[in-house]
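Here is a short briefing to read alongside the structure. Have the viewer open and follow the topics in order.

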Amino acid sequence: MIYCPKCGTANRQGSKFCNECGSPLLATGLRCPMCGAMNPTGNLYCDRCHARLIPAERVPPEEEKPERVSPLKGISLPSVPVTEGGSGEKWLSELRAEAEEVAPLPEGEIPPWLAELTAPAGPTAPEVSPPEAAVPEWLAELEAPTVPAAPEVPPVEAAVPEWLAELEVPAGPAAPEAPPPEAAVPEWLAELEVPAGPAAPEAPPVETPVPEWLAELEVSPRPSPEAPVPPLAGVSAPPSGEIPDWLREFQAAPLVQEGSSAKLPPIALVDTAASAPAAPESVPPVLLEEETPIPPPGEIPDWLRAAAEEAPPELGGLVPAEIPEWLRALQPRAEAAVEEEPAETEGFLSGLRGLLPIGRGLDMPATAQPSLPRAPSPAAVARAELLQGLLSRPLMTSPAVEAREAYRPTGWALSRLLVGVILLGAILLPMLVRLSLFSPPVVPAVETLFAVVHQLPSGTSVLVAWEYGPAEADEMDRVAGPLIDHLLRQGARLVVVSTRPEGPVVAEALLASRLADPSERPRRIANLGYVPGQAAGVREVLGNLDGRTEVSTGLPAAQVEAIAGVHSVADVGMVVVLAAQPDDLRVWVEQVSAARPDVPIVAGVSARVELMSTPYLTAGQIRGIVAGLTGGAAYEAKLDTGWGREYEYYLNSLGLAQMAVAALAVIGALIFLVGGRKR
Amino acid sequence: MSLILPWLLIVVALVALLWIALRARRGRIPSTRSLPAFDQLPAELGHSAESGSPIFFTLGSGAVGSDRTLTSIAALETVEGLADAAVAYGTSPVVAVGDPTLVPLAEDVFRRAWNRRGTPERHDPTNVQFIGVHPTVYAAGVADLVLHERIHGHVLIGSMDEEAALVTHAAEGRGIPQSVAADRLPALGAMYPADARLAAGEELFAGPARVAALPWYCGSLRVQDVLRFLIVAFILLKVLGLW
Amino acid sequence: MTADLIGLIVGTLLTLLVLSYILGDNPLYRLALHLLVGATVGYGVAVTTVTVLQATLPALRSESPERVRVLIPLILGMLLLFKGFPRWSAWGNFSTALLVGVGTAVAVSGAVMGTIIPQAAAVGSLGDWLREGSYGLLNGFLVTLGTIGALLAFAFTVPRQPTLRRLWNGSVGVLGQMGRLFLLAAFGAAFATALTASLTVLVGRVYAVTAGLQQLLTLIGMSGG
Amino acid sequence: MDRLVTRILPTAFAVGTGILVLLGYLLPIPLLASVRDELVRWAVIVAAFAFILGFFNLLRVHSQRSRKPGGIYSVVLILAALVSLALTMAALLIPPLRFLGDWWFRYVLSPLQATVAGLVAFVLAVAAFRLLRHRREAGVLVFLGTALIVLLGTLPLPVPGGEWLATLRMWWMNVPAMAGMRGLLIGVGLGVLLVGLRVLTGTDRPYSE
């Protein structure tokens, strides 16, 4: 439980705001980078594995702390302050981006993808206490929500992968640029060191800080008389505290003054080609000391051979491991004899060799002497081949998280084919076998529309809003056809306008097919074309009808006879709206009733608009409506314009197709009711 | 039509919004009920980062400048709530828009997310795709993308009608988990039987509050509830003939 | 005449390619679809730019104050094109600001004056219902219950105090459950009407293809025979 | 200077135009109404430029994709876009070439758009078939029941129950479905209103840096 700092209420783990007073809940714990245990925010060391939680460096004062730019609750994000004008070179920001993705988060908050890796796969979404009665999944009111409980993605194994645990820099503000002065030395290595002297190293280490995982491979460079140094590189120190005596004799002379934590390169990656001074025989050579001449491979140094022959009995049954051939080949050795280099005599660097003499050539740039490449010795060639072999081996990485290949839902192709075949069959059947299953129904709205159009005096001009394009033409042509035909028969003069780019072209096609005598076209029909801008365009065109150009003839509208005497919507006897979308109907009804409330408005709409259009019908704003193919068929039956044959085809096909889909829905319901829910 | 009622509604809404904004500043942020369509998006984003394939957003064809503007803006804010997380994971989602006015606004969402992260040059403007002007053509184009691109999850949020069924059909065919938020009735009729977590009608506008959880988003949901009760009272008064 | 014949062949062929999606997603369908997406965008760009330019250019040439009123949107339009280049994208903020501002106002006024108030007021009163006879009362009551229920089904925030919360669940929660059923009725009706509309279009397309094929067969028969 | 041009001025501009246009709707003052119409006309012109932006976005996306496997489709798309642009421009601007534009619209665009609209019926049918696989709560019966009533009531079979089904459909659409639709539309209206107020008060700034 998390206790709210303001009102003390106990809130559930992981909630971001207090349930009682709503104040944001501060971070409630620090996760130990080594063992993952959660520690109270105040801890310096982890309770379980005593690893240091907060690095020893100075905590940046308040104003330097990067202010959280986007306080995104629920998603714990490494937020990076926006650096004005880009920060340094591009490679640095990319490095920062990768380092940030790997480095742990400042307040101990772990990004969900990682939290999933460490914590057992639990619900990661920040749960807000959902009130009992309010439905968890919005429609699952009577029964458990159908949301698939088990996430499809197989939960990633909970244990932190080994490579990630090592890579994590110890918790604490992970500013990658600021080199941590001293990597937290693991427990077992700390014991081998001399208990840290009070004097913290004044001179910051010259070499670059060695990352944690690399430090483990090195032998502690600070041998002290009491704690001898294990002789061989790479041999990890015995875990128990006391040092076996076989080890003690290999103890090297105190080379480095106590207290200096100079970090030497871990493995003797010594550039033996450089003119390193030959260490005098008297000082027992330590493999890692830079200046020690390494005997050529095959020829064992006498101190090692002595140790090998002696095989001191008290080894406690430990047979001295003989060095395998491939490791010996890797053993570096001195290539050329190097001349003597005087050791330093005084100052705190006394005893060190190979130091740059003060004054001589310090100002000279360190140029490498170009040594002519001699024929590489067979050993070097062998080493190179071995390295090449290692590199050419395929990279063994953790099994790549293959893209979760989407599983195909069961019976998908089968149900798709079944529905397709039945649907096409139902549509084609009336063409093969002459059916007369369905006849045009009697629709009250069509009756009123027919009556309104019937009493229209001859010669009145009618404004037609053509709000459909080619995609809806197959349905809307059959809805609008009889209505337009009836208007033309009544002697009305049509003024066509559209707020869709494709409207005028589709209008031309239908008007041409429905006008009995094409020569009467200029007298009967004026197509004013496309008006951009939904409601604003409509308002504009209602105010000024004859100011536009007629599409089919290209003449200005004033010269077209069909629109003579009509300047605005005030001069129009009726408005017909042919709408395939509910919005278009609403826009036209609002604008026309606003501009001229008493003009009769009728509509021819698609089936999908029928549900939204009934309020206008009941409110009296629209006098009559013909909706969908059934409406068109009913109107055609009353008008009998000779298109009856086509309507019969359409009606039967549509009726059968609807029956087919209804049957499919019921069958599907039974199948999947019995067959079981989605896995 | 008298203009008193619209003024009354807008003024009351403004006053309620300012009052709740003050309460939110004092820490009293209302907790909202959970909406599965949005609550699982952050986790979905994590999985998508793991699998390396992006999440696909279908923003619909609601033109900015028309009366569908605010549905598209709510959808953009939901995507913006996820943009910072997506950018932090390095997988920036693919967004398909059906109206040209949405192209600049959608690109800005990700460009600013990369700017906030400090690496503006990693912004790839082609992750916002303008597909087709006509709604049905847009839906068919998006369905083709969903069928053939490597995507991890599909989120449909915005202004669409029943042609949205083309997109959810394609995503269901590939077994891709989907979240759908639609506010138009034909779309809701087509989306209810689809294989998707549904947020219906007004719940689309709760998307930003659930994904980004900023105080003023949660506050405005509380205002919607306040207005809801006022309208219920108005309806009851009208039924009793007192208005 | 040959243009119509070629057109008929092309139209019928393209319709068949798109209908083949019913049997399964195939490369031919994808070709036809990509052709459609490209053609629609090309058509849209052409119509919009020509219409807008035809509306603005004459005003630009005339010396009247009308010029200024047209110049500003054209400049804003040019600025919007900067959004195509991420580096100067910020300069297009004015144009998107105009689109968002105007769009917001249009949407808010549409929502308030076109949807909320008319729909809330359309519930009618007891008097109206009684005038429609005994059924009127039942219908009116059901519509009111359903509207209020559907509205309360979306309630987002819940009171925190336990006592208030129990009261809330008892009242708003129950009404919300019922409202959800009315919402599902609306979804079912929307589904059915949308299905009827698109089925009509599908029937029309199948008829167009069969008519086209029959016409081509007769032509081939005629020229062959 | 940077903050002023990319943040403060656009915010002022958006809030200003928004409030002006909204007042144009809410106050019956002719001056405000003309300012409102003028600003809406500006938005239409700027939207046309957005179309050009969208067109180049399409070309850029698909030219990139045409280099990847399966790029032939993107090549077809780019060609179709350019041909369609040229033919329609010619049809609108050069009267003698008008028949080309009409041919392209009538025999390529229309059949394709109509047939894709027809596919919507197929996918809706598949969704109806698999309805119980995705939704398992009691409410699905209301959805299925309503869909069947409205679907079968549209074109009743000439069987005796046919007439009764048509009247049941009429009632079902005018009472339960209408009530649900009304609640939904009012709810969506509230959502739109609140997002609008957040934009008009400058809280949400999708346009600003």
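Two strands pair if DSSP finds at least two bridges between them; strands (E, at least two residues) and helices (H or I, at least four) are DSSP runs, numbered from the N terminus. This is a predicted model, in which local features need pLDDT of at least 70, side-chain atom pairs count only at pLDDT 80 or more, and totals for chains, interfaces and linings use all residues. Residues are numbered from 1 along each chain as its sequence is written, while chains are lettered from A and ligands numbered from 1 in the order in which they are written.

**The sheet of chain B**
- Chain B has an open sheet of six strands with parallel pairing, in the order S3-S2-S1-S4-S5-S6.
- At its edges, pairing on one side only, are S3 (128-130) and S6 (197-200) of chain B.
- Neighbouring strands are turned by 15° against each other on average, direction ignored (axes are lines fitted to C-alpha atoms, for helices over the stretch in contact, and angles run from 0 to 180 degrees between N-to-C directions).
- Four bridges join S5 (178-182) of chain B to S6(B) in the parallel sense, and B:Val180 stands opposite B:Leu198 in S6(B).

**The interface of chains C and D**
- Contact (C-beta atoms, placed from the backbone, within 7 Å) links 97 residues of chain C with 93 residues of chain D.
- On the side of chain C that touches chain D, H4(C) gives the most, with 23 residues.

**Domains of chain D**
- Chain D is divided into domain 1 (1-54), domain 2 (66-129) and domain 3 (132-203), with bounds from an automatic or database domain assignment.
- The centres of domain 1 and domain 2 of chain D, taken over C-alpha atoms, are 33 Å apart.

Methods. Contact = placed C-beta atoms within 7 Å.
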